[in-house]
Amino acid sequence: MEFELQYTKAQEEFRGEVRAWLAANVPEGITARPRSFEESHAIYLMRRELGRRLGARGWLYPSGEKAYGGGGLGLDQIIVLEEETARLGLGLPPYYDSGGKMGSASIRVWGTEEQKQRFLPPIYRGEVRSWQLLTEPSAGSDLAGVKTTAIRDGDVYVFNGQKIYIGSHHGADRYWTIAVTDPGGKRHQNVSWFMIDASLPGITTQPLYMLSAQSEGETDEHGHKNIIYFDNVRVPADCLVGGENNGWKVASTHLEVEHSGQGNIRTNPVWIALLAHCRTQHRDGRPLIEDPDVRGKLAEIYSRLEAVRLLSTRNFWMVYAGEKRSYHGSQVSYLRKTTNLWLTKAILDLLGPEALTNDPVLGAVGGIAEAQQRRGIVEQHPGGTTDIQRVVIARRLGVGAREPQQAGRLGEEGLARKIPQRVEA
Amino acid sequence: MDLSLTPSQTLIRDSARGFVRRHVPRAELVRQAKEGETWDPAWFGQFREAGWTGALVPADFGGLDLDPLSVALIFEELGRGAVPSPLIASSVIAVGLLRGCRPSAPRDAALRAIADGSMIMIPALRRPETSWKGVAATGTALTGGNGRWVLTGAKVFVPFADAATHYLVSVVKPGDSAPALAIVPAGTAGIATRLLGGFLQANHEVRFDNVAVAENALVHGGDETFDASLAVARVVVAAYQVGGMLEMLDMSVSHSNTRVQFGTPIGRFQRVQDHIIRLLNAMDAAKWATYEAAWAIEAGRNGVARSYLAGSTASDSYLEAANAAHEVHAAIGSDPRFGLTLYTRMSRTMYELLGPPGWQRRQMADALDW
């Protein structure tokens, strides 16, 4: 067993290439915290442009098959890309692309060859931004209870209904959504998934301002989400993915991604910023880090976050090594949610009321602490509440059931087989 | 032993409850929060008419001089309504500080003016880049001499500074380590305030730049420390927090009975029940610590120690209760239009109002002579 990443010479060469490319292509201010809609929009456009450039090199979705516009890269290079973009405070994609991430994963597993060729390249190349549309006013935790209908009419499906808590600022080009295709059918056997053009007639959007929003790089001030209405929207039938009324099986892939099944190897950015803050900011005439109470609390925070990081790293390895997974995705999702909520109080205890303000002078950690206070609460519900994660974990363990439930397929299993033998340390 | 309320306490509580029901619709609070309005002067006018501005002021100075539990019951109801008001800062905390000062003409006049509602006295205590070590440690050094003092420095996390007619500023005179408080009219030249944005209700930075302070604007601490004189304030603030928890409990029970998922009200799921029970336990722990502290102050049974217990428990509990309520409500709870976030924000805002819970617990240990 080896926990420390050992990089090959080829990886280090690739890192040099990536770092030089990012230095030349990542514009200044792309990770700034926007303070107005206009600033947010300008940053969003920067991020989309960066996405297109990354996409042209296959680095936006590096694990996506080359034939569909992805990078076709192995874990060795994906790790380097993850690390180098994280170093700059960016993710892959560098913008909120929930429908792209979960839609592409689902299409890889459940789409036809024709659909893969049609839907995946624009996502992988950064030409479109996609949102997932799952939750409805009466269907949150109970995803199978969605009421939006998609009724076949010749060569189209006619959509009617509404989705809530969707997306972020600045709109999307595609919607990845689930709807009822057989209103008289049995639960779990009456829903289907669609990748929809967001500009179709009959789709309207109403903004919704939440306590916080998770959209990376966009203004966090108002937690911009949306309600999306479908009023007799005619969706071409070839946008249905994974077979009519087969949506609950397709959902297994979608939810596995959403429930952190893929894992990651990133260090929590809030932790990095918090530690730097305590090293540089003074209280009572000395650096915060020298206060024994601060040191104790920081150590406690680090210990909790390390558990999350380790299990995320484990999931990352399991997916790419082709290891059989069960409860692992939901376990990380559950731990991340509960830890981030716990962290709100820990940071408040650590930093005091400075953690509650985004004031340019007094706001701790450049306002990151204040955003975490709100985000830690809001994070409890997207992608399944903590209660839902616990249900999934129990089912995967076989608790209260004859057979343990299987994890959803991700379509990336076994990528590690592409890793060249690591000979150099 | 008798844990029931007296008839007059019940009357006071019902009166406060009636005010909130009649005059503070949640939709109005949601609107105020959205528009960035911090407080409603019309509501404050009604508090004045009810005599609540002088609830803790001695009768000699025109106050009602109510017992701690009666005042706690008023603020429990205001907290239940998440009513934002400078009333706590002025008529509870500032009055607590002034009552801890030696009698003097400026002190007595201030108490009288707070009671009749003509003065809104906002304590300006905390200095930037300092940890909380009690009110006496917050003093900003005055310069000058011969009774003509000059105040320069910033005070941070000052609640409802925008409502102040006067500030009660913790200061230290040169060569005099004894803490003092300066009564400074809010309109004095050299004072600038800034609203602090974020997950915080009506907190400000107040900067004093070469502000002239006359000798007769200073009041001085008595034999007991300011922190001991704030025992009633801690109980009243805790009661306000308890009120918020009571409302979140009602909201959570109601939501769990009406929100249907998987074909059944979510309240039937044990996990949802668990969140509500967590909220309930947090609320009741704080509520009874608060009631007992109110009694202990009145009965002379180490009310200071009990007030620290109530204060720290209520601050911790309000956070815990808000977190539990959000788990019950999921996405709906994070939609500010629903109203739960009014309480969540208040739970964070009030967490350290009278010192961090950890500091309060250490004070409690000292007060218990451990």
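This is a predicted model: local features need pLDDT of at least 70, side-chain atom pairs count only at pLDDT 80 or more; totals for chains, interfaces and linings use all residues.
Entry 1, ground rules. I took local features at pLDDT of at least 70 and side-chain atom pairs at pLDDT 80 or more, while totals for chains, interfaces and linings use all residues. Residues are numbered from 1 along each chain as its sequence is written, and chains are lettered from A in the order in which they are written.

I found chain B divided into domain 1 (7-116), domain 2 (121-220) and domain 3 (226-367), with bounds from an automatic or database domain assignment. The centres of domains 2 and 3 of chain B, taken over C-alpha atoms, are 30 Å apart.

I looked up α8 (231-258) and α11 (340-349) of chain B, which pack at about 150 degrees with axes 10 Å apart. Helices here are DSSP runs of H or I, at least four residues, and strands are runs of E, at least two, numbered from the N terminus. Axes are lines fitted to C-alpha atoms, for helices over the stretch in contact, and angles run from 0 to 180 degrees between N-to-C directions. α8(B) and α11(B) are therefore roughly antiparallel (an angle over 145 degrees). Among the residues that meet are Gly244(B) and Met248(B) of α8(B), and Leu340(B) and Tyr343(B) of α11(B); contact means C-beta atoms, placed from the backbone, within 7 Å.

The contact takes 32 residues from chain B and 36 from chain A. On chain B, β3 (148-159), α10 (303-333) and α11 each supply at least two residues. The largest share, six residues, comes from α10(B).

How values were computed. Angles under 35 degrees count as roughly parallel, over 145 as roughly antiparallel, 65 to 115 as roughly perpendicular and the rest as oblique. Two residues are in contact if their C-beta atoms, placed from the backbone, lie within 7 Å.
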